[in-house]
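Please consider the model shown below.

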Amino acid sequence: MDWMIANGWILWLVLFLGLAVVETLTLDLLFIMLAVGALAALVADFAGAGPVLQIVVFAVVSLLMILLVRPVAVRHLKRGPADQLNNIDRLVGAAAIALEPVTAHSGTVKIGGDTWTARSADGASLPAGTRLAVARIDGATAVVEPALERPAPPVADL
């Protein structure tokens with residue numbers, strides 16, 4: 001026990017490294033906050049604090065990091081430009097052409113050079129060759145509706 005008290009810095013260093021490794025595996029920003037607490041306890045040990053004070057420093061710093069820093073960091077990481085769309089969101093409103101009849105339950109369309117399974121948004125039957133617009137994407141199925149009357153892009157662009 002005397003060895004652990006005399007060499008507490010080794011325990012804090014191992015705890016810090018272990019928590020940092022776990023954070024790299026989980027990417028949850030929780031274990032890194034605990035690792036910062038362990039690093040603070042390591043500094044407290046080097047400053048001459050006793051084992052009880054080191055544990056208190058670890059607990060307080062970890063708690064403050066989790067309550068104050070983690071929410072801000074998570075919000076910052078999840079934030080993106082408002083106009084940034086993912087690939088599925090970009091397809092909504094895109095032009096499509098029916099390759100085979102599209103019904104409420106089946107069909108195939110071409111969107112931007114890719115062939116998608118499709119179904120009609122309102123349940124109507126849409127014949128092959130109809131110009132369509134993507135209303136939404138449900139999984140791997142494009143839900144389409146007749147395109148508004150506007151100049152259609154050349155078929156080569158689809």
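The largest nonpolar core has 15 residues, where a nonpolar core is a set of buried Ala, Val, Leu, Ile, Met, Phe, Trp, Tyr and Cys residues joined through side-chain atoms within 4.5 Å. Buried here means under 20% relative accessible area, exposed means over 50%, and partly exposed lies in between (1.4 Å probe, protein chains only). Val102, Val109, Ile111, Leu132 and Val144 have the most contacts inside this core. Two or more residues each come from β1, β2 (108-111), β3 (114-120), β4 and β5, and β4 gives the most, with three residues. A second, separate core of five residues includes Trp12, Ala41, Leu42 and Phe58. In soluble globular proteins, nonpolar side chains tend to be buried together.

This is a predicted model, in which local features need pLDDT of at least 70 and side-chain atom pairs count only at pLDDT 80 or more, while totals for chains, interfaces and linings use all residues. Residues are numbered from 1 along each chain as its sequence is written, and side-chain values use heavy atoms, with hydrogens and water left out.

The protein contains five helices and five strands, these being DSSP runs numbered from the N terminus (helices H or I, at least four residues; strands E, at least two). Their order from the N terminus is α-α-α-α-α-β-β-β-β-β. Of the 158 residues, 27% count as buried.

The hairpin of β4 and β5 has two residues between the strands, and glycine 139 takes a positive phi near 65° in it.

Where does alanine 135 lie? Its place is in strand β4 (residues 131-138). Alanine 135 counts as partly exposed because its relative accessibility is 26%. Not counting residues up to four places away in sequence, alanine 135 touches Val92, Ala121, Val143, Val144 and Glu145, contact meaning heavy atoms within 4.5 Å. The C-alpha atoms of alanine 135 and glycine 93 are separated by 6.0 Å, although these residues are 42 residues apart along the chain. Leucine 132, with neighbours within four places in sequence left aside, has contacts that include Ala94, Val102, Val109, Leu126 and Val144.

How values were computed:
Two strands pair if DSSP finds at least two bridges between them.
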